[in-house]
Amino acid sequence: MNDPGFLQKKTDQKRAHAAQKALKAWYLQHARALPWREMPSLYGTWLSEIMLQQTRVETGIPKWHAFRDRFPDVHTLAVASEEEVMKSWEGLGYYRRARLLHKAAKAIHEAGAFPDSHAGWLALPGIGPYTAAAIASIGLGEAVAAVDGNVQRVLSRWASIEEPVDAKPGAAHVQAVADAWLDTQNPGDHNQAVMELGALVCAPRNPSCEKCPLSDTCHAAGDPAMWRRLPVKTPKKKPQAWDLTWHVVTCRDHVAVVQRPETGVWATMWCFPEIPPPANFAKVGNLCEPVTHILTHKRITATFTLWQAPDPDALEAFARKHGGGLVTWPEFEARARPRLLTKVWDVLLRAHALGEVE
Ligand code: SF4
């Protein structure tokens, strides 16, 4: 067993060794049959790790298959247009991940091969310490401990770590325990086992300690006060309120669209303009009730206001003035759009087609 100086007492080492053994036996029996485990490849592992960063496994599985069907290998992904990649990412949200995945694919394509170490993966765009460790251990067998939110929860409870795990000292403490626990002979399975235990057994609210292979060695086993307290996190800032009005400006079959800037929220995605059209355009009304949408640091209340342009030339001039253009509704649907837009898309289309406004 690795010992970076954390588990110095013999009793602690024994306890960690017992936990590692029990975890291994549990994982052999309980590992979920996930497609990237059943068809192992560096490309598939990398894709799954990026997709699952902010997405549930159930949502990730069909998207992983669809993405791989569209881009079967890293080279196909590298030569695809950004628009195609973003479109294929639709429904997963957090589009920055897709943009960085595409950038990394280009770097791998240029290098002619996947990185062959944890350090090599870490140097790619969009790959942080956790993702690099997960890919290097699962795909390359490198002995590095991967620490994600699930692992933080399991280890902070098991070792009774009372420092915030999202601040430096607490994160270092968790990493030290993870390093000490690591099964260096089988790091990929070991890392997946800890994450799997966090996902299936050591749940945030009601962990199933009675089913847990670590219950004999865990400080928090059967202790609801510790479950509630651990892992300790620094208090979150309240999300900023954002009252957003999207102007749905149309003429016959066409609607004005603009592309968002390369940085910031929904970078490079296609949306309706936020600036209202000039006074000679007729305001029709709102297409639906205001829609609430939550992003990591923002709570958005979106209003969709319908306008009629006096003629196609005026619509085009308005769209061009704001750096956009004209599309039909089906053409707009084929472009990469924010999740906020895709979730109300059918309602907007119906209201627009029927002329139903609030
Ligand atoms: S014993 Fe309970 S608290 Fe400890 S790791 Fe297992 S599920 Fe989590």
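Reader: Does Trp-266 count as buried or exposed?

Author: This is a predicted model, in which local features need pLDDT of at least 70, side-chain atom pairs count only at pLDDT 80 or more, and totals for chains, interfaces and linings use all residues. Residues are numbered from 1 along each chain as its sequence is written, and side-chain values use heavy atoms, with hydrogens and water left out. Buried means under 20% relative accessible area, exposed over 50% and partly exposed in between (1.4 Å probe, protein chains only). At a relative accessibility of 9%, Trp-266 therefore counts as buried.

Reader: What is the phi of Trp-266?

Author: Trp-266 is found in the loop between strand E2 (254-259) and strand E3 (270-271); strands (E, at least two residues) and helices (H or I, at least four) are DSSP runs, numbered from the N terminus. Most residues other than glycine have a negative phi. Trp-266 has a positive value, near 55 degrees.

Reader: How does Ser-160 count by its relative accessibility?

Author: Ser-160 also has a positive phi, near 55 degrees, and is placed in the loop between H10 and H11. Its relative accessibility is 26%, so Ser-160 counts as partly exposed.

Reader: Within what arc do the buried residues of H1 fall?

Author: Arg-15, Ala-16, Ala-19, Gln-20, Leu-23, Trp-26 and Tyr-27 of H1 are buried. They line one face of the helix, because the directions from the helix axis to their C-beta atoms fall within an arc of 140 degrees.

Reader: How are H1 and H12 oriented to each other?

Author: Axes are lines fitted to C-alpha atoms, for helices over the stretch in contact (heavy atoms within 4.5 Å), and angles run from 0 to 180 degrees between N-to-C directions. The two axes come within 9 Å and cross at roughly 75 degrees. Angles under 35 degrees count as roughly parallel, over 145 as roughly antiparallel, 65 to 115 as roughly perpendicular and the rest as oblique. H1 and H12 are therefore roughly perpendicular.

Reader: Which residues does Ala-104 touch, not counting those up to four places away in sequence?

Author: Ala-104 is found in helix H7 (residues 96-111) and is buried, with a relative accessible area of 0%. The C-alpha atoms of Ala-104 and Pro-125 are 5.3 Å apart, although the two are 21 residues apart in sequence. Beyond the excluded places, Ala-104 touches Trp-46, Leu-124 and Pro-125.
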